[in-house]
Amino acid sequence: MLKCRVIPILSFNGFALVKTKKFASNARMVGNSIQAARVFNSRNVDELAFIDIYASDQNRKINLQVVKAIINECYMPVGIGGGVNSIEDIHNLLAIGADKVILKNMMIQNPNFLNEAASIYGNQCITIAVDAEKKEGSYFLYNRLNRTIPLFEFINKLTKFRFGEIILTSVNHDGMMDGFDIELVNQVVRMVEVPVVANGGGGQPDHFKDLFARTKIEAVGASSIFYFTQYTPLDVKKAVSSIGKPMRIITKNVITNTDIREI
Amino acid sequence: MLTSIRYCRKCLFPETKPDLFFDRKGICSACKAAESKFINVDWEKREKDFFTIINKFKLGKDEIGYDCLIPVSGGKDSTYQAYFMKVVCGMNPLCVCFETTRETDLGRKNLENISKLGIDVIHFRKNYSAYKSMVIEGFKRVGDEMWPNHLGIFTIPILVAVKFKIKLVIWGENPQQEYGGPWESIENYSLTRNWMEEFGGLLGNRIQDMIGVDGLTTRDLTPYFYPSDQELKDAGLVSIFLGHYFFWDARKQLELIEKHGFSVKQDGPVEGTYINYENLDEEMHGLHDYLKFVKYGFGRATDHACIDIRNHRLTREEGLKLVKQYDGKYPHKAIKAFIKYSGLTKTKIDQVIDSYTNPILFKMNTDGSFARDFKGNLIKNYQIK
Amino acid sequence: MTIAIIKYGMGNVASVQKALHKLGYSSIITNDPDEIRKSAYILLPGVGSFEAGMINLHRLGLVDLLTDEVCIKKKPFFGICLGMQLLATFGNEPHKVKGLGWIEGEVVKLHFSDDRRIPHIGWNNISLANKTNVFLQEFSGLDYYFIHSYHFVPTTNSEIVFTVDYGIPIVAAIKKGNIFATQFHPEKSQEAGASLLKKVIGSHA
């Protein structure tokens with residue numbers, strides 16, 4: 001039976017890891033990316049997502065050296081995003097070991113690119129990041145391209161294109177550790193065929209329990225909880241498992257092996 | 001091509017420092033917090049609040065018991081706290097010291113000095129091998145060989161407070177300036193585990209993540225498990241920061257305790273900085289500081305210069321000069337000590353340090369290794385402005 | 001023993017090499033015929049579409065070479081993900097295309113009548129198809145990482161070693177003589193994956 005996934009999401013600002021609150025620009029610097037990768041690898045997490053959140057804004061590419069160093073620490077799948085806007089970008093990331101490429105601006109500016117990428121690399125390599133912002137009761141697609149895009153219309157249009165997975169982040173709950181946007185998750189899961197990773201708002205194990213009990217989600221993303229509280233992915237998994245959801249629970253920690261470096 | 005890093009207009013903290021924010025004028029949050037000490041604070045009222053609080057716990061000379069607990073390291077701040085609570089406030093403190101990794105002679109002397117002030121001190125000697133396993137794993141996994149020490153200095157004093165039923169815990173300067181206030185606002189406040197995980201420098205690693213390292217079991221790690229929020233509540237623990245109620249002036253405090261037996265380093269500054277009165281107790285502190293430098297581009301000398309700048313003892317230019325001279329040098333002494341302690345080879349240690357060295361901040365050779373000068377120091381790819 | 005990891009423009013080679021290196025195996029990433037012939041083991045990884053995979057193999061002149069090395073010379077072979085699907089007679093991504101044809105069967109799109117998600121992404125536990133297979137018993141019930149929208153349906157069941165349950169039983173691993181292949185990614189499946197790689201590759205060392 002397929003297990004539900006708990007995916008730590010690492011946001012990178014081009015230099016080190018940061019954590020935002022409601023996607024505001026004054027992100028909090030949280031630390032070095034290698035130590036985060038090693039800690040999560042030691043915990044046998046299901047998967048990792050690493051996103052350079054300012055790459056597009058700053059018109060640069062994600063630093064491949066940093067990405068390679070992180071992937072080298074991980075023996076589980078890693079999704080990488082940030083400033084990806086060409087087939088070459090995707091090729092470079094997959095070549096250094098990324099399993100999935102996370103796209104955002106391209107899905108807005110040129111959704112045909114999704115099909116192009118999928119036709120070469122397969123749908124499953126393409127993950128799209130959908131950031132949902134609730135304003136006065138309605139949902140919009142958050143973007144920094146100055147566009148007003150009603151969310152559900154957008155998702156409907158998107159289903160005609162090829163991709164493997166959606167990371168659905170609630171902007172309002174991002175970094176607030178006040179629980180997930182259940183209504184949003186339920187709506188989006190109903191609209192698409194692909195797996196959805198719910199993200200934004202998880203601050204304690206009970207929030208995750210609530211999410212899995214009240215939606216049909218099978219994967220969840222989290223960041224703040226792992227930086228700022230005593231809870232680890234294992235605590236989250238145990239909580240979700242307690243309501244009957246199948247989880248992959250491994251209690252043995254992996255000891256850091258720094259022997260294997262450049263091959 | 002040089003990397004451009006933004007620096008605080010007032011001090012020398014870079015934007016790369018974790019948990020630091022800049023306002024619109026380019027002033028960092030640490031400077032703003034320090035500034036608030038000089039203006040808009042009714043220190044008289046705060047002093048009053050402080051004595052109101054401690055009088056709720058103070059025991060009389062005819063009573064048996066400790067009325068407050070002070071976590072100490074033997075360093076200047078905690079020595080001052082101990083002195084202040086015992087001699088100035090007339091309390092009966094129990095001091096608790098979590099043994100550091102490798103104590104220096106000076107550290108030992110200064111810790112003894114606290115007991116000479118007429119205070120009982122519990123010096124917790126930890127399980128050497130369990131701790132050492134965590135030192136080495138902490139070094140490899142999160143680039144901080146002092147990892148278990150950060151955990152211990154918070155956890156053990158709180159555990160003792162709970163067990164000994166000492167409700168009042170006295171801390172020094174408040175790193176997160178927002179906490180403090182009169183009795184009403186702090187009476188139910190204790191530093192919870194969450195606080196420690198967020199602000200204690202644990203770099204995302206948790207005690208439960210150490211289970212299994214070199215066969216360590218939960219039982220082996222007993223003293224490192226922080227009491228639960230409920231246990232803290234049941235024990236009625238209350239934490240206060242002296243720095244909230246009194247204007248914190250580290251240099252003045254140092255002058256005072258030097259008159260009461262505290263010794264500074266006589267043979268030059270501590271490795272990695274320009275001063276001789278901080279981090280005296282730990283032989284390998286230079287490595288911890290250096291790891292911070294390779295990750296974020298600033299080291300202990302920067303920390304000290306910023307404090308001196310904020311306390312108006314140095315101008316920014318003077319601070320900058322000292323930083324350029326002392327900051328981020330390869331810590332030969334600490335590395336030597338770490339080789340001896342850990343059994344790891346220098347090559348291995350350097351390999352781990354390199355894995356944490358930020359390639360955006362430091363120059364690299366064409367073969368992928370980091371460029372160094374003849375003394376083994378990294379070459380910066382940025383300029384402090 | 002050197003393992004030749006076939007480089008044919010379908011990604012994923014770095015992770016495989018890293019996993020092998022950690023287990024102590026030496027490997028080269030190559031599409032050079034001499035190096036492939038000299039190697040003691042061939043590993044075919046891959047993520048991407050069936051058609052793109054076959055086009056690239058043909059373009060690099062690898063189809064005949066690999067068929068010769070593996071099916072005639074019986075060199076040990078390990079295929080991962082697309083590297084397993086390409087062994088089929090036919091694939092259908094994006095349309096019907098001939099595969100390597102080493103194992104009779106077809107690769108078809110996953111399809112469900114309920115709202116089960118496609119692609120099949122995540123950790124799922126594999127089950128031994130034949131309970132008497134002592135050699136691989138220790139891996140039955142363990143979770144491995146799957147990420148695919150198409151799956152291999154062999155003509156006969158005799159080559160199926162492991163299945164995985166995702167609404168229907170899906171082929172998780174196949175074995176035919178010197179050929180072993182997995183739909184899941186052992187190089188991304190942490191300890192469970194490492195032990196499987198070690199066991200299978202080690203048996204040919």
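**Ground rules.** I am working from a predicted model, where local features need pLDDT of at least 70 and side-chain atom pairs count only at pLDDT 80 or more, while totals for chains, interfaces and linings use all residues. I number residues from 1 along each chain as its sequence is written, with chains lettered from A and ligands numbered from 1 in the order in which they are written.

**Chain C.** I found six helices and 13 strands here; these are DSSP runs numbered from the N terminus, helices being H or I of at least four residues and strands E of at least two. The C-alpha trace spans about 50 × 35 × 30 Å along its principal axes. Next I turned to contacts, meaning pairs whose C-beta atoms, placed from the backbone, lie within 7 Å. Of the contacts in chain C with a separation of 6 or more, 66% join residues 24 or more positions apart.

**A against C.** I see 32 residues of chain A in contact with 31 residues of chain C. On the chain A side, helix 3 (87-95) and helix 5 (112-121) each supply at least two residues. Helix 5 of chain A gives the most, with three.

**B against A.** Here 31 residues of chain B are in contact with 30 residues of chain A. Helix 5 (128-142), helix 8 (193-199) and helix 16 (346-356) of chain B each give two or more residues to the chain B side.

**Cores.** I took a nonpolar core as a set of buried Ala, Val, Leu, Ile, Met, Phe, Trp, Tyr and Cys residues joined through C-beta atoms within 7 Å. The largest has 238 residues, and among those touching the most other members are Leu48(A), Leu168(A) and Leu43(C). Helix 6 (residues 147-164) of chain B brings the largest share of this core, nine residues. Apart from it lies another core of 19 residues, including Ile5(B), Phe13(B) and Ile309(B). I also followed Leu168(A): leaving out residues up to four places away in sequence, its partners include Val130(A), Val185(A) and Asn199(A).

Key. Two residues are in contact if their C-beta atoms, placed from the backbone, lie within 7 Å. A residue is buried if 20 or more other C-beta atoms lie within 10 Å of its own, exposed if 12 or fewer, and partly exposed in between; C-beta atoms are placed from the backbone.
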